[in-house]
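User: I want to learn how to read salt bridges in a model. Please take me through them.

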Amino acid sequence: MTEACNPFDALGASSDSRMIEEFYMRAALALAEQAGAAGEVPVGAVVVKDGEIVGRGYNHPISAHDPTAHAEVVALRDAAQLLGNYRLAGCELYVTLEPCAMCAGAIMHARIARVVFGAADPKTGACGSVIDLFSEPRLNHHAVVTPGVLAADAASLLQGFFASRRRSARASE
């Protein structure tokens with residue numbers, strides 16, 4: 001289980017919102033690197049409440065034999081356990097890749113207040129790239145979405161992972 005920690009207490013950092021967003025996105029990127037090192041698509045996520053990381057997750061559907069083991073879902077589960085509630089009102093989710101429809105649904109059900117993502121996902125993105133579930137008026141919860149935080153770093157990690165996979169596939173032919 002994740003322990004809550006407020007990194008800004010230790011760092012004495014200013015309250016500049018972009019710096020804060022980048023700090024939490026870097027935490028998500030570190031988790032994405034763990035996923036990539038394990039052979040999983042490198043996506044990481046953290047849940048933040050009142051300036052503290054209360055949930056962490058990275059993609060591992062292959063090793064977990066679980067199609068729902070996306071970074072966002074894992075981080076939501078971790079936060080829910082720590083906070084003792086399936087509703088994560090007042091929390092923010094930082095994720096390196098735009099959430100898919102499954103993850104957007106989980107985010108809505110958890111009542112996450114804000115989603116901050118790095119790279120857009122033109123194939124399955126549910127925050128505007130393919131569809132925008134958070135702006136759908138017929139749905140009952142609407143998180144604020146902030147795209148593009150450290151997008152180049154997140155995209156580079158993904159591109160490097162898939163390039164390596166392609167090289168490996170060509171070498172084995």
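User: How many salt bridges does a search of the whole structure find?

Analyst: Side chains of opposite charge can pair when their charged atoms come close. A salt bridge here is a side-chain nitrogen of Lys or Arg within 4 Å of a carboxyl oxygen of Asp or Glu. The whole-structure search finds seven. This is a predicted model: local features need pLDDT of at least 70, side-chain atom pairs count only at pLDDT 80 or more, and totals for chains, interfaces and linings use all residues. Residues are numbered from 1 along each chain as its sequence is written, and side-chain values use heavy atoms, with hydrogens and water left out.

User: Which residue forms a salt bridge with Glu21?

Analyst: Arg18, with the closest N and O atoms 3.5 Å apart. Helices are DSSP runs of H or I, at least four residues, numbered from the N terminus. Arg18 also meets Glu22 in a salt bridge, at 3.7 Å, N to O.

User: Is Glu21 buried or exposed?

Analyst: Buried means under 20% relative accessible area, exposed over 50%, partly exposed in between (1.4 Å probe, protein chains only). Glu21 is buried at 9%. Arg18 is partly exposed at 38%, and Glu22 is partly exposed at 24%.

User: What does the salt bridge of Arg26 and Asp153 link?

Analyst: Their side chains meet at 3.6 Å, N to O. The pair links distant parts of the chain: Arg26 lies in helix 2 and Asp153 in helix 6 (residues 151-171), 127 residues apart.

User: Which residues do shared partners join into one network?

Analyst: Arg18, Glu21, Glu22, Glu92 and Arg114.

Methods:
Helix = DSSP H or I, 4+ residues; strand = E, 2+ residues; numbered from the N terminus.
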